[in-house]
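Dear colleague,

Please find the structure below, handed over for your records. My notes on what was found in it follow.

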Amino acid sequence: MTIGYLYVTRSEIDGVLYVGQSSKTDADSVANYLGSGDYFKQAIAEHGVENFTKTVLGHFDDQAALDFAEIHAIARLRADGHQLLNAGVGGPRTQREFIRAMFQRFGVLPQMPSAWLQAIDENPQEVRDLVAAGADVSTEDFYREYEAQLRQTQDLSRDCPRCGAAVDDVCRTRTGNPSKNHVGRLAPA
Ligand SMILES: [Zn+2]
């Protein structure tokens, strides 16, 4: 049974790509959902939805296979010189752990696109194992990773009037978990 699919969305304006995966496999979602991600959403806002073309790359029966396919597609496109709007390398949400494991095992980093792709191409089973290990993390580890990502992607230069987060602290949900900036955090005081 299909649990999700992999797709690439292309801007007809400047050719930049966004690779993503989705578990919403109904025809309407497949036809209309273009992708998420902070950089990608900015590009959509700038270029307009009508200037993006989405191509489905494949359907998958399990999450590990889908994660691996996403990592591989992003690696291949970057090694081929394409510009991607993806902030990360794809795959499990705990990407820092995965990237660290890739470096320990193969001495490669995402910033070395050819070597990164080569390591994946030459060691598919080992990389799948690393992906599976990265996907199988505790909620606590996930939120720690998520908070680190938010520190990179969110503008924390003002405090948040909604949740009270101070400058340099991420926004938090009512249950105390890290979240993206609340609406209004960056509005002029
Ligand atoms: Zn907030």
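Axes are lines fitted to C-alpha atoms, for helices over the stretch in contact, and angles run from 0 to 180 degrees between N-to-C directions. Helices (H or I, at least four residues) and strands (E, at least two) are DSSP runs numbered from the N terminus. This is a predicted model, in which local features need pLDDT of at least 70 and side-chain atom pairs pLDDT 80 or more, while totals for chains, interfaces and linings use all residues. Residues are numbered from 1 along each chain as its sequence is written, and side-chain values use heavy atoms, without hydrogens and water.

Helices α3 (residues 63-79) and α5 (residues 113-122) pack at about 145 degrees, their axes being 8 Å apart. In contact (heavy atoms within 4.5 Å), residues of α3 including F68, I71 and H72 meet residues of α5, among them W116, L117 and I120.

The zinc ion has as protein donors (N, O and S atoms within 2.8 Å of the metal, or 3.2 Å for Na, K and Ca) C160 (SG), C163 (SG), C171 (SG) and H182 (ND1), at 2.1 to 2.4 Å. Their spacing in sequence is C-x2-C-x7-C-x10-H. C171 lies in strand β4 (residues 171-172) and H182 in the segment after β5 (178-179), so this pair ties together parts 11 residues apart in sequence.

In an unreviewed entry, UniProt annotates residues 3-88 as "domain: GIY-YIG". Over residues 3-88, the chain is 38% helix and 27% strand.

Yours sincerely

Key
UniProt positions renumbered as here; feature names shortened; annotations may be inferred.
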